[in-house]
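Welcome, and thanks for taking a look at this model. Here is a short tour of its surface, its fold and its charged contacts.

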Amino acid sequence: AEYMGRGRSEMSFDSYGGRQGAYGVRDGDTEYIRLSQDVEKNLSQLNNNVSNLQKLVNQMGTARDDPTLQRQFIQLQQSIRTQILATEKTLKQLNMIDGSNASEQSKRRQQQESLGRRLRGVMELFQQTCRTAMNKEKQSVAVDRERAASFREERRDPGHRGDFMAMQQVESNQEMIRQREEGMREIEATMMEVNDIFRDLSTIVHEQGAALDNIESNMTSADTMVDTGRQQLIKASDYQKKARNKMCCLLVIVAIVAAILIIVLSTTLTKK
């Protein structure tokens, strides 16, 4: 469940030189592909880890619920939290790299929006699993405390004889209560942090949507301008054809008139 490749995903935004990039390529194709692959890999690992976390939660409150299970749950939960933070950061870095043209920008924004939705889906499943774990832990803590209180009442009874095994069980229950309470604090802190990430993702998706709308609007305007230009060229071509036709007619008329004048002049000169 340990996260692989965390260091690469947590590089700072400045290392890419903003939207221009520090690699001499404006659209940052190579870096964009690497980052998008990192997000894909992180999402796959997150899905697997959340699935494993659900299996641990299903064992809570059963005979398999012991300190080892509690430790595994806390460690895996922390690993998922780290992966979510790293994936969100990589998504932000991905958002900083433009495409070389409007069409490429539109494709990238759509891909980023899709990756953001998938990350939100994993986070929602993670939150649901944490809530289920929280409820189970609260129930288990209530049962353990009730058992401990019952044993303390029994010890106050003058006729009660000490039971070494029972005392050990109570001490074990106290340790489990402590671990469960620690786990619940971890769950609460993680859920609060995930809520913050949800808000950040909503902002990213909103910005991507606005940018995508702007790109599509520009592309539509460009298409409109191309269509208008094409229509104007067609009109200009028609005008040229009509002008040529008129010129040809005029030349024919001039030629006819000139021929008539020549005939008349020739006839007049011959008579003289």
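**Surface patch**

On the surface, M247, L250, L251 and V254 make up a nonpolar patch with about 390 Å² of accessible area together. Such patches consist of residues with over 30% relative accessible area and no salt bridge, nonpolar side chains (Val, Leu, Ile, Met, Phe, Trp, Tyr) being joined within 5 Å and like charges within 9 Å. Please keep in mind that this is a predicted model, in which local features need pLDDT of at least 70, side-chain atom pairs count only at pLDDT 80 or more, and totals for chains, interfaces and linings use all residues. Residues are numbered from 1 along each chain as its sequence is written, and side-chain values use heavy atoms, with hydrogens and water left out.

- L251 belongs to helix 5 (residues 164–271).
- L251 counts as exposed because its relative accessibility is 52% (buried means under 20% relative accessible area, exposed over 50%, partly exposed in between, with a 1.4 Å probe and protein chains only).

**Overall fold**

- The protein has 5 helices and 0 strands, taken from DSSP runs (helices: H or I, at least four residues; strands: E, at least two) numbered from the N terminus.
- Of the 272 residues in the protein, 33% are buried.
- The accessible surface is about 16900 Å², with 54% belonging to carbon and sulfur atoms; the areas come from the Shrake-Rupley method with a 1.4 Å probe, and for residues only the protein chains shown count as cover.
- Among contacts (heavy atoms within 4.5 Å) between residues at least 6 apart in sequence, 84% join residues at least 24 apart.

**Salt bridges**

- The structure holds 9 salt bridges, each a side-chain nitrogen of Lys or Arg within 4 Å of a carboxyl oxygen of Asp or Glu.
- One of them joins D29 and R108 at 2.4 Å, N to O. This pair links distant parts of the chain, with D29 in helix 2 (residues 29–59) and R108 in helix 4, 79 residues apart.
- R108 also meets E104 in a salt bridge at 3.0 Å, N to O. Shared partners join D29, E104 and R108 into one network.
- R108 is buried at 3% relative accessibility, while D29 is partly exposed at 34% and E104 is partly exposed at 26%.
- R118 and E40 form another salt bridge at 3.0 Å, N to O. R118 lies in helix 4 and E40 in helix 2, so the pair ties together parts 78 residues apart in sequence.

**Charge over a ring**

- R108 lies over the face of Y32, 4.3 Å from the ring centre (the rule asks for NZ of Lys or CZ of Arg within 6 Å of the ring centre and within 35 degrees of the ring normal).
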